[in-house]
Amino acid sequence: MHEVAVLLRDVWKSYKFGVEIVNVLKNVNAVFMRGEVIGIHGPSGSGKTTLLKIIAGLERPDRGEVIVCGYNLNLLDEVGLSMIRNSIVSYIPQDYGLIDSLTVFENVELPLLIAGVDKLSRLRRVSEVIKYIGLNGKEWLRPTRLSGGERQRVAIARALVTTPSVLLADEPTANLDWNNAIKVMELFKDIKKDFNTTIVIVTHDPRILEFVDRSLTMFEGTLKEITPKTY
Amino acid sequence: MDFKSGAALTAIKILSRGKGIYIIITTSSLLLYYPIFVKNPRITYLLVVISVLNALVAVLADIDTHKSLFYAFRICGATPSTLMTYIITTSSVVTLISLIPITICIDVFGVLTSLLMNISVTTSLLYMSYIKVRKYS
């Protein structure tokens, strides 16, 4: 039986720009299953990032329901949403969101420090994840000393360190050349296979959709299926 | 509010690797000259003002790092308590260093006033940065 990881029902979101109100998301409905890799393709400004932020609990919808791994995000307060972000959903921003004054190890360790995990367990888990993503020997470097592809891997490692059920990646290949983009997409496929993680990738590059199980398109705030559901 | 040791540890790491700590240590060391050699109450009270500015500059020097940390904290699921622990730890360390010259020559009332002023200025600055990051992320 397939388990639902993310359920979006009638989700609306608008922003106010001066006197004008812009509807960024219009009646978005979607179901993402456990262990699926989903690609959301669309032009800039179509609402892709807003959708990811709503699933991550970084923003709240104006209307509609967002259920992630059985938790209705609308019913959670700020502390509840923080806990969801710390343990169930991981979000990788387009600019990676790394801290340049911390080392690779310390960046990856951050979610575990926040969760209050003891030092020995942190050391073991961070070392495992760094080895998994292939950054062995670069643990004590600062992110500024790494290439774009390596920085992306550090961001993925930080997202993976808490073993989340849902991984959200905002334009993960936007700042990479095609060879590095392929490597990152292969890494996502491995993560899906090894951890049964639901991975939602937002991209403006249609070539990335070759690597996903199911593709959707987003245009002016509405979400449509490109590849039909296989379950 | 719970004290989060992870956030306090991160605050110390960020401070120790930033520009702000060097600015504040250098300025505080230079200011030690006045309370030791110049016994003029007017000058000593000027130290209070300089100390506030010193704390402010120390936080501003690393403001981009603090902002990226707030963003990373938010993404990684930091609770409001974690964020407040980070802000208060950063403010406390900066305030304590900026108070060194004052404690030598000013009375208890002056020291307490400076303490309150420095901690409120630095905490407010960091909190406003956090609000800004939260709004635009």
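**Exercise 1. Read the order of elements in chain B from the N terminus on, and say what the secondary structure comes to.**

Solution. Start at the N terminus of chain B: the elements run α-α-α-α-α-α-α. The tally for chain B is seven helices and zero strands. Keep in mind, as you work through these exercises, that this is a predicted model.

**Exercise 2. What radius of gyration would a compact globule of 137 residues have, and what does chain B have?**

Solution. Begin with the expectation: for 137 residues, a compact globule would come near 14 Å. Chain B has 16 Å, which agrees. Next, look at the extent along the principal axes, where the C-alpha trace of chain B spans about 50 × 25 × 25 Å. Then turn to burial: 42% of the 137 residues in chain B are buried. Finally, take the contacts in chain B between residues at least 6 apart in sequence; 85% of these join residues at least 24 apart.

**Exercise 3. Find how many residues of chain A and of chain B are in contact, and describe the chain A side.**

Solution. Count across the two chains: 19 residues of chain A are in contact with 22 residues of chain B. On the chain A side, helix 2 (78–87) and helix 3 (104–115) each give two or more residues. Helix 2 of chain A has the largest share, six residues. Sorted by class, this side of chain A holds eleven nonpolar, five polar and three charged residues.

**Exercise 4. Check the span of helix 5 of chain A, then say how many of its residues are buried.**

Solution. Helix 5 of chain A (residues 148–160) has 13 residues, so at 1.5 Å a residue the helix should span 18 Å. Its end C-alpha atoms are 18 Å apart, which agrees. Ten of the 13 residues are buried, including A:Arg151, A:Val154 and A:Leu160. Among the elements covering the buried residues of helix 5 are strand 6 (89–92), helix 4 (119–133) and helix 6 of chain A.

Terms used:
Residues numbered from 1 in each chain as written. Chains lettered and ligands numbered in written order. Predicted model: local features only at pLDDT ≥ 70, side-chain atom pairs only at ≥ 80, totals over all residues. Contact = placed C-beta atoms within 7 Å. Helix = DSSP H or I, 4+ residues; strand = E, 2+ residues; numbered from the N terminus. Nonpolar A, V, L, I, M, F, W, Y, C, P; charged D, E, K, R; others polar. Expected span 1.5 Å × (residues − 1). Buried ≥ 20, exposed ≤ 12 C-beta atoms within 10 Å, placed from the backbone. Rg over C-alpha atoms; globule rule 2.2 N^0.38 Å.
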